[in-house]
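Open the model in your viewer and get ready to select residues. We will go stop by stop.

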Amino acid sequence: MKKSIFIATALVFGLFACGQTPPKPVTDSFNKKFANATKVKWSMEDKTEWEAEFKMDGKEMSASYDLEGKWINTEAKLTEKDLPANVLKAVNTAYAGWKIESVESYETPQMKGYELGIEKGKDELELQVTADGKITVNKESEEEDDEKNEKK
């Protein structure tokens with residue numbers, strides 16, 4: 001009996017350890033795109049997506065890939081002063097009185113822009129803004145979604 005429990009425990013830990021190592025096509029694709037990355041930490045976002053969190057050129061970044069190694073997106077933490085003037089103007093015009101809480105550059109194969117977390121009082125929104133200043137997505141932040149789900 002003890003031997004069976006030991007084997008089962010070893011299998012569970014082995015599977016968990018393997019679960020945090022992405023498939024070779026994913027790491028190959030990442031290493032090709034981000035050759036200078038340091039402090040890389042992998043996690044599985046869901047059944048079909050791997051995310052690498054890393055540092056490069058002094059910035060905290062993340063990149064996501066599908067199971068075949070196809071690049072999905074890249075994000076890098078920025079500050080409000082890193083935003084181009086046209087992006088800042090578009091957000092301040094559309095959301096006058098809102099405070100910018102977080103800024104990230106955001107790139108996919110289809111677009112290059114910014115993701116901003118903004119708040120006004122207890123209201124929070126997450127915006128996606130293209131490089132030319134068009135707000136393409138505005139939704140409640142994940143934290144607010146989580147709070148609403150907890151109340152149900």
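A residue is called buried under 20% relative accessible area, exposed over 50% and partly exposed in between, with a 1.4 Å probe and protein chains only. By that cut-off, F34 and F54 are both buried. This is a predicted model, where local features need pLDDT of at least 70, side-chain atom pairs count only at pLDDT 80 or more, and totals for chains, interfaces and linings use all residues. Residues are numbered from 1 along each chain as its sequence is written, and side-chain values use heavy atoms, with hydrogens and water left out.

**Stop 1: the rings**

Rings of Phe, Tyr and Trp (its six-membered ring) pair if their centres lie within 6.5 Å; planes under 30 degrees apart count as stacked, over 60 as edge-to-face and the rest as tilted. The whole structure holds seven aromatic pairs. Select F30 and F54. Their pair is edge-to-face, 5.1 Å centre to centre, with 80° between the planes. It joins distant parts of the chain: F30 belongs to helix α2 (residues 24-33) and F54 to strand β2 (residues 49-56), 24 residues apart. Helices (H or I, at least four residues) and strands (E, at least two) are DSSP runs, numbered from the N terminus. F30 is buried, like F54.

With F54 it makes a tilted pair, 4.9 Å centre to centre and 50° between the planes. Then select F30, F34, W42, F54 and Y65 together: ring pairs link them into a cluster.

**Stop 2: a charge over a ring**

Which ring has the charged end of K33 over it? Select W71: the charged end of K33 lies 4.2 Å from the centre of its ring. The test asks for NZ of Lys or CZ of Arg within 6 Å of the ring centre and within 35 degrees of the ring normal.

**Stop 3: the hairpin**

Show β1 and β2. They form a hairpin with two residues between them. The two strands pair in the antiparallel sense over six bridges; pairing takes at least two DSSP bridges. Pick D46, then its bridge partner in β2, E49.

**Stop 4**

Select E51, E53, M61, S62 and K77. Of the 17 residues that line the second largest pocket, these are the closest to its centre. On a 1 Å grid over the protein atoms alone, a pocket is an open set of points where a 1.4 Å probe fits, with protein on both sides within 12 Å along at least five of seven lines; lining residues have an atom within 4 Å of a point. β2 gives the largest share of this lining, five residues.
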